[in-house]
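Please consult the sequence and the structure shown here while reading.

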Amino acid sequence: ITIDGPAGVGKGTLACRLASCLQFHYLDSGALYRSVALYALKMRQTSAIDLVEWISGLSVDFQLNKDLSVRVLLNGEDVSQAIRAEAVSRKASDLARIPEIRQELLAKQRQFSTPAGLVTDGRDMGTVVFPDAALKIYLDADLDIRVGRRLQQLKKSNADADPATLTQSMRCRDRHDTERSIAPLQPASNAVVIDSGQLNAREVFEFALQQVVNSGLHSVGHRVE
């Protein structure tokens with residue numbers, strides 16, 4: 001199951017809830033790019049060749065907790081909070097436009113597709129990484145709504161963010177993601193499009209779960225908490 005869309009639409013929340021409900025594996029594709037970006041910033045690494053070499057030995061694991069929080073382990077180190085910084089987000093967007101890095105991470109992402117199933121969120125999961133996914137979902141919402149949600153998310157993690165700066169950053173990120181020549185952000189032709197700005201998290205989950213049932217990936221009689 002792939003879930004694509006811009007920042008702040010609730011991709012991660014929906015993906016985690018579906019993965020927990022279905023007992024599927026979970027992949028946050030953005031965390032892979034953010035992890036590489038974090039490394040690049042820390043090491044002041046700008047060479048694509050050197051980054052690709054490092055990615056080949058990269059180990060990223062996702063631990064989905066009962067409260068649906070996710071621990072991201074980069075080579076065994078918990079970087080769950082560090083990779084959410086805005087500087088890391090901007091760097092990840094820049095790196096995502098480098099063909100060699102995208103190609104190396106493409107192979108990494110596909111390694112997560114193992115039994116019993118996978119729920120993954122990102123920006124090109126349904127169009128490029130998993131084009132044969134059984135169900136593709138595309139979440140969208142107005143920029144103002146997304147900025148508000150991201151501010152709440154940062155506040156919960158005790159991270160400071162200026163609304164105006166965050167708005168500009170997300171607007172630039174949207175432009176970079178949709179206009180890049182390689183794997184631009186866009187709905188897959190057979191994706192189910194959901195406007196998460198008009199629904200709360202529970203409503204989005206219930207609508208998406210019905211799509212899962214319709215696709216034959218989930219039993220109608222299974223109880224959902």
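Helices (H or I, at least four residues) and strands (E, at least two) are DSSP runs, numbered from the N terminus. The model is predicted, so local features need pLDDT of at least 70 and side-chain atom pairs count only at pLDDT 80 or more, while totals for chains, interfaces and linings use all residues. Residues are numbered from 1 along each chain as its sequence is written, and side-chain values use heavy atoms, leaving out hydrogens and water.

**Helix 7**

Helix 7 covers residues 143-156. Its buried residues (under 20% relative accessible area, with exposed meaning over 50% and partly exposed in between, for a 1.4 Å probe and protein chains only) are Leu 143, Arg 146, Val 147, Arg 150 and Leu 154. Because these buried residues fall within an arc of 100 degrees, seen down the axis of helix 7, they line one face of the helix; the arc is that of the directions from the helix axis to the C-beta atoms. Asp 144, Gln 152, Lys 155 and Lys 156, on the other side of helix 7, are exposed.

Rolling a probe the size of a water molecule over the atoms shows where empty space is left. On a 1 Å grid over the protein atoms alone, a cavity is a set of points where a 1.4 Å probe fits but cannot get out, whereas a pocket is an open set with protein on both sides within 12 Å along at least five of seven lines; lining residues have an atom within 4 Å of a point. Grid points are joined across faces, edges and corners, and a volume is the space filled by probe spheres set on the points.

| Space | Volume |
|---|---|
| Largest cavity | About 150 Å³ |
| Second largest cavity | About 30 Å³ |
| Largest pocket | About 1,400 Å³ |

The largest cavity is lined by 15 residues, and Gly 30, Tyr 33, Ala 96, Arg 123 and Arg 173 lie nearest its centre. Helix 2, helix 5 (99-110) and helix 8 each supply at least two residues of this lining, with helix 2 giving the most, 4 residues.

Which residues line the second largest cavity? They are Arg 34, Arg 84, Arg 150, Gln 153 and Leu 154. Helix 7 provides the largest share of that lining, 3 residues.

The largest pocket is lined by 46 residues, of which Gly 12, Thr 13, Arg 84, Arg 150 and Gln 153 lie nearest its centre. Helix 7 is one of the elements that give two or more residues to the lining of this pocket.

Terms used
Expected span 1.5 Å × (residues − 1).
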